[in-house]
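Welcome, and please keep your viewer open for this short tour. Each stop gives you something to select and then says what is there.

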Amino acid sequence: MSTAVWPPIDPAALADAQAASQARELDWLLVQLRETLQSLKAGLEECAALLAPSESGSTLVLTSVRSESLKGLVTRVGTRIVKGNVKLRLASLPPPRGSPTFDLTLSAEPQAPTLVVQQLTQVRTSINACLDVIDVTTWTGDSTDANFVAGQLGLLYDNIQEARQSLKGYSDVQLPWWERPVDEKVFDPPLPSNVSFHLVVFDAALVLEIRTLEAQTPGEEFHTGFGLRDRLAFALGGARPPPHDEADRTFTYKGQEVRVKEKIRVESQDPALISAMAKLNALEHSVGLSRKAVNIVMGREE
């Protein structure tokens, strides 16, 4: 079954009518996008509020699974960790005399460096950039120019995607633990030179990785996570350090070749980050649909 226009329309007149209809549809879509942008702005402001510093902050529990290796609490205020105490029970990190655990405590001194979660800083920067894009599109630029609006939607999509990826754990700002060691003066007493403290965000959860390190002497025979001293101690009845995924690697940490003796990884779900992640997913989907609609009406390829 086929359809046809009767009486027949001249091809040139039909093309003009189609172009006029498409232009009207594009004008209507651009008007609707103004409301869509305001809705997106409200959602982004909610995300910004979830990541903004609050008076009480978010206190998160850190605990190792099925062991007493790590227990602790940290308090996040915005992008900073302002309070924290972690108690460690590791074979390669003997506690001070008279103490059952080795404690890492964030310094409360005013002059102490701040422990900043770089990924959260990136998320806030990307969200602020999104809000700027919406304001420019709404108030400064020509909201009736389809090419301009399409470009702004693309910029908005890229920034939302960058914010979501930072919360997901895939961001260039978060360097590996051996490339960005934490300042030892963040802690009181200072962090020992043979301990690595690495705090990141992954899947909208706060993840803490603690490593005990041993200097690797040039030319020293290297065995998978089990050096000469370890083997000797094990032969004399000592405990063998548990295996981990970095046991067969060496790293350049603070200008020195080291290997990881013990590694422990714990994570703590942060309700505010989880909520922000869900909102960013929805916002990214909404902007993607708007971009697709504009491209179709403008006759661009999807």
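**Stop one: a polar pair**

Select R211 and E209: their side chains are joined by a polar contact of 2.8 Å (a pair of N or O atoms within 3.5 Å, where one must be able to donate a hydrogen and the other to accept it, and residues adjacent in sequence count only if both atoms are side-chain atoms). This is a predicted model, in which local features need pLDDT of at least 70, side-chain atom pairs count only at pLDDT 80 or more, and totals for chains, interfaces and linings use all residues. Residues are numbered from 1 along each chain as its sequence is written, and side-chain values use heavy atoms, with hydrogens and water left out.

R211 is buried, at a relative accessible area of 1% (buried means under 20%, with a 1.4 Å probe and protein chains only). Beyond its neighbours within four places in sequence, show what R211 is in contact with, including W177, H198, E246 and E262 (contact means heavy atoms within 4.5 Å).

**Stop two: the cores**

Next, select L44, L156, F197 and I210, which have the most contacts inside the largest nonpolar core, a set of 61 residues (buried Ala, Val, Leu, Ile, Met, Phe, Trp, Tyr and Cys residues joined through side-chain atoms within 4.5 Å). Another core, of six residues, lies apart from it; W177, L213, F251 and V260 are among them.

**Stop three: an end of a helix**

Finally, go to D270, at the start of α5: one of its side-chain oxygens reaches to within 3.1 Å of the backbone nitrogen of A272. A272 is among the buried residues of α5, as are L280 and V287. After α5 comes G299, with a positive phi near 80°.

Methods: Buried < 20%, exposed > 50% of the residue type's maximum accessible area, 1.4 Å probe, protein only. Helix = DSSP H or I, 4+ residues; strand = E, 2+ residues; numbered from the N terminus.
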